[in-house]
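Please open the model in your viewer and keep the sequence panel beside it. The stops below say what to select next and what is there.

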Amino acid sequence: MTLKSIHSCRFAGGLIAALLCLATVAQAGPPLICHTIEIGQAKSLPWISHNWNLSGGENYDTKNLVRDTLEILAPDTPVLVRMETLRRATLYARKDPAAAKELLARLHSRATAAESSGHSDALTWFDVGYLAETYKQWLGQNLPHMTDGMRMDPNPAAGVDGYAMLKKALAMRAAALHADDPQMEFAAALITLSGPQDEHRQHAQKAIGGAKTDSLLAQNLSARFIGPQTETMSQLLAKN
């Protein structure tokens with residue numbers, strides 16, 4: 001099929017974006033950015049676009065980004081909602097490098113402060129680790145046809161091992177629940193799409209297995225990666 005046979009410009013643009021996202025999966029590209037996490041009616045950062053990218057319709061004031069994100073990432077906020085909130089925060093953060101740096105610093109400070117007080121919290125380590133890995137896929141990256149005209153400020157997460165923080169969160173969560181957290185395993189599986197393969201396989205298996213008793217996670221795993229021409233998330237995770 002050629003572009004001339006595609007009558008809808010919107011469809012063509014979505015298809016091109018999908019192919020670009022898929023092409024970069026093997027290089028730890030934008031899977032944490034391209035794929036929207038389904039959160040039902042849960043509160044997250046305001047969003048107007050129906051796609052993964054900022055359409056230009058968003059008029060959100062990034063001066064509120066840190067405050068709003070921290071408020072949403074409350075102790076009772078589910079992991080899937082945290083993932084989508086941090087994804088949106090990362091997209092907004094590209095327009096405001098000061099907010100990007102402050103958000104990462106505040107999340108890290110929150111995790112270390114809790115640990116220093118003897119009340120280490122798995123979710124706070126998850127937040128800073130997941131944000132760091134999401135930053136790496138978007139901030140400071142030159143992705144042709146996806147970031148044209150966007151600013152290229154230094155990435156505040158450069159050198160930060162977010163996956164190590166996420167593994168720490170997984171271990172703490174498993175100890176507290178006496179079981180694996182399937183939603184957190186889903187996040188880890190997305191981060192490790194490009195490796196390490198053995199750990200990715202374990203995260204994917206736990207996420208897919210846990211979806212049997214988690215309807216929202218099951219909905220996310222059955223969703224297409226980006227657009228109707230792409231694989232479902234469970235297929236993508238299992239293949240990689």
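**First stop: a buried charged pair**

Select Asp127 and Arg82 and show their side chains: Asp127 is buried, and Arg82 is buried as well, where buried means under 20% relative accessible area, exposed means over 50%, and partly exposed lies in between, with a 1.4 Å probe and protein chains only. The model is a predicted one, in which local features need pLDDT of at least 70 and side-chain atom pairs count only at pLDDT 80 or more, while totals for chains, interfaces and linings use all residues. Residues are numbered from 1 along each chain as its sequence is written, and side-chain values use heavy atoms, with hydrogens and water left out.

The side chains of Asp127 and Arg82 meet in a salt bridge of 2.8 Å, N to O, the term standing for a side-chain nitrogen of Lys or Arg within 4 Å of a carboxyl oxygen of Asp or Glu. Because Asp127 lies in helix H6 (residues 122–136) and Arg82 in helix H4, the pair ties together parts that are 45 residues apart in sequence.

**The whole chain**

Zoom out and colour by secondary structure: the protein chain has eleven helices and zero strands, helices (H or I, at least four residues) and strands (E, at least two) being DSSP runs numbered from the N terminus. Of the 240 residues of the protein chain, 48% count as buried. By the salt-bridge rule given above, the count comes to 13 salt bridges.

**Two further salt bridges**

Next select Glu115 and Lys168, which form a salt bridge with their closest N and O atoms 2.6 Å apart. This pair links distant parts of the chain, with Glu115 in helix H5 and Lys168 in helix H7 (residues 162–177), 53 residues apart. Glu115 counts as partly exposed at 35% relative accessibility, and Lys168 is partly exposed with a relative accessible area of 30%.

Then move to Lys239 and Glu231, whose side chains meet in a salt bridge of 3.2 Å, N to O. Here Lys239 counts as exposed at 57% relative accessibility, whereas Glu231 is partly exposed, with a relative accessible area of 23%.

Select Asp214, in the loop between helix H9 (197–210) and helix H10 (215–222). Which side chain of opposite charge is nearest to Asp214? It is Arg173, 9.3 Å away, and Asp214 is buried yet has no salt bridge; for charge, Lys and Arg count as positive and Asp and Glu as negative, with His and the chain ends not counted. The side chain of Asp214 does make a polar contact of 2.9 Å with the side chain of Gln183, a polar contact being a pair of N or O atoms within 3.5 Å, of which, within protein, one must be able to donate a hydrogen and the other to accept it, and residues adjacent in sequence count only if both atoms are side-chain atoms.

In the loop between H9 and H10 you will also find Ala211, which counts as buried at 11% relative accessibility. Draw a distance from the C-alpha atom of Ala211 to that of Phe186, 25 residues apart along the chain, and the separation is 9.6 Å.

Asp96 is in the loop between helix H4 (79–93) and H5, and is buried, with a relative accessible area of 17%. A polar contact of 2.8 Å joins the side chains of Asp96 and Thr62.

Asp68, in helix H3 (residues 65–72), counts as buried at 15% relative accessibility. The C-alpha atoms of Asp68 and Ser44 are separated by 8.8 Å, although the residues are 24 apart along the chain.

**Last stop: Thr112**

Finally, select Thr112 in helix H5 (residues 97–116), where the residue is partly exposed, with a relative accessible area of 26%.
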